[in-house]
Every structure is written in C-alpha cells, then in structure tokens.
Amino acid sequence: GLNGEEADKGYIALSIIKAKEFPLMKHEYTGVILSYLLAPIVGLLGTTVATLRLTVTLWILLGVMLAYKITKEWFGRRVAAFFLLLTLTNVYLFQTVKLGFFIETTILFTFFMGSVYMLWGYVSLGRLNRNLLFFSALLFGLGLSQKIIFLYYVIATILCYFLMGRKIKI
C-alpha cells in the first residue's frame, strides 16, 4: 500500500502540476526536490503507487550507473564489477523504495554520484569544459538542499581519499 511519505511526495508533485503551489521546503528537515522530479512522471502516468516507486527506483539505478562508471575509470573493470554486484544486492537500497521510508536519502546518492561524475569529467578534460563544473555544482547544491545529511557523502569521500594515500590523482 501507499506510505504516508510517498503520499506526501505525490501530493506535492500533483500540486506542482496543477500550479497550486511551488514549494521550496515542505518540512523543516527536508526539501522538495523529489516532488519536482516526480511531477512530470505523475503528470504522464498519474499518482499511483507504481508510478511513485518506479520513478525513485529509476533514479537510484541512474546513481548506481554513474557510480559504476566512476569506479571503472578510477579502479578498473574488475573492481567496478564487484562494486556493481555489491550495490545491486544491497537490500537497503531497494527496500527503502518498497517501503517508501527515507526516500530522500536514497536519491541523495544519485545527486552525489552525478556531481562527482561531472567534476571528474571537468578535471580529466583539463578544465576546458566549464559546463561540467556548473552541472557538478548544481547537483551538489540540489543534494544539499534536499537534506543536510548529503554532507555525509562528501565527508566520507574526502576521508577515503586521504586514507587511500591519495592514489587517485586529481
């Protein structure tokens, strides 16, 4: 059945479609980025449980794909394949979609991976394409505006970089 959090996100998406409201923050602790992502899909397919869950699942799979590409480029195909196996068998990642709990925390992964992917593209191209830097900053800002725990991803990545002995050349 439909969870209260899913209903809340779907209702906000429906309100955006009908131009009744364009909120920036619905609650003190979370943003409404997910509702803006849901709005076009809800407009096309309606406000069903399947629509809400499918959209979030596809968003998570996009994050996994971006993480795989980054891992493959940094560590090679074998490590990336192992990463993909571990990630796709992570029960938490998809259980939260099924239950509808903490949806925001799962989409933060995609914002972070997109931001890192764009930033890595900017750095690896010799800082020639400023659009990649812009989109990296945009995704970082969207992730941060959704929930402050987005900073956990940033802090964990910086710590890993220093713990690995700076083996990735930036």
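These points concern helix packing, one backbone angle, a surface patch and a few residue positions in a predicted model.

1. Helices α1 and α2. Helix α1 covers residues 4-17 and α2 covers residues 33-45. The two pack with their axes 8 Å apart, at an angle of about 70 degrees. Angles of 65 to 115 degrees count as roughly perpendicular, so α1 is roughly perpendicular to α2. The crossing of this pair is right-handed.

2. The loop between α1 and α2. A19 is placed in the loop that lies between these two helices. Its phi is near 55 degrees, which is a positive value in a residue other than glycine.

3. Helices α3 and α4. Helix α3 spans residues 49-75 and helix α4 spans residues 77-88. Their axes come within 7 Å and cross at roughly 155 degrees. Since angles over 145 degrees count as roughly antiparallel, α3 is described as roughly antiparallel to α4. Here too the handedness can be stated: α3 passes α4 in a right-handed crossing.

4. W74. This tryptophan belongs to helix α3. Its relative accessibility is 27%, and W74 therefore counts as partly exposed; the partly exposed class lies between the buried limit of under 20% and the exposed limit of over 50%. W74 and W120 are 46 residues apart in sequence, while their C-alpha atoms are 10.0 Å apart in space.

5. L144. Helix α7, residues 130-146, contains L144. With a relative accessibility of 30%, L144 counts as partly exposed. Along the chain, L144 and K9 are 135 residues apart. The C-alpha atoms of L144 and K9 are separated by 18 Å.

6. The nonpolar patch. Which residues make the nonpolar surface patch of about 520 Å²? They are I148, L151, I155, L159 and L163. One of them, L151, is in helix α8, which runs over residues 150-163. L151 has 31% relative accessibility and so counts as partly exposed.

7. Summary of the packing. Two packed helices are described by the angle between their axes and the distance between the axes. For α1 and α2 these values are about 70 degrees and 8 Å. For α3 and α4 the angle is roughly 155 degrees, and the axes come within 7 Å.

How values were computed
Residues are numbered from 1 along each chain as its sequence is written. This is a predicted model: local features need pLDDT of at least 70, side-chain atom pairs count only at pLDDT 80 or more; totals for chains, interfaces and linings use all residues. Side-chain values use heavy atoms; hydrogens and water are left out. Patches are made of residues with over 30% relative accessible area and no salt bridge: like charges are joined within 9 Å, nonpolar side chains (Val, Leu, Ile, Met, Phe, Trp, Tyr) within 5 Å. Accessible areas come from the Shrake-Rupley method with a 1.4 Å probe; for residues, only the protein chains shown count as cover. A salt bridge is a side-chain nitrogen of Lys or Arg within 4 Å of a carboxyl oxygen of Asp or Glu. Helices (H or I, at least four residues) and strands (E, at least two) are DSSP runs, numbered from the N terminus. Buried means under 20% relative accessible area, exposed over 50%, partly exposed in between (1.4 Å probe, protein chains only). Axes are lines fitted to C-alpha atoms, for helices over the stretch in contact, and angles run from 0 to 180 degrees between N-to-C directions. Angles under 35 degrees count as roughly parallel, over 145 as roughly antiparallel, 65 to 115 as roughly perpendicular and the rest as oblique. A crossing is left-handed if the near helix is turned anticlockwise from the far one by less than a right angle, and right-handed if clockwise.
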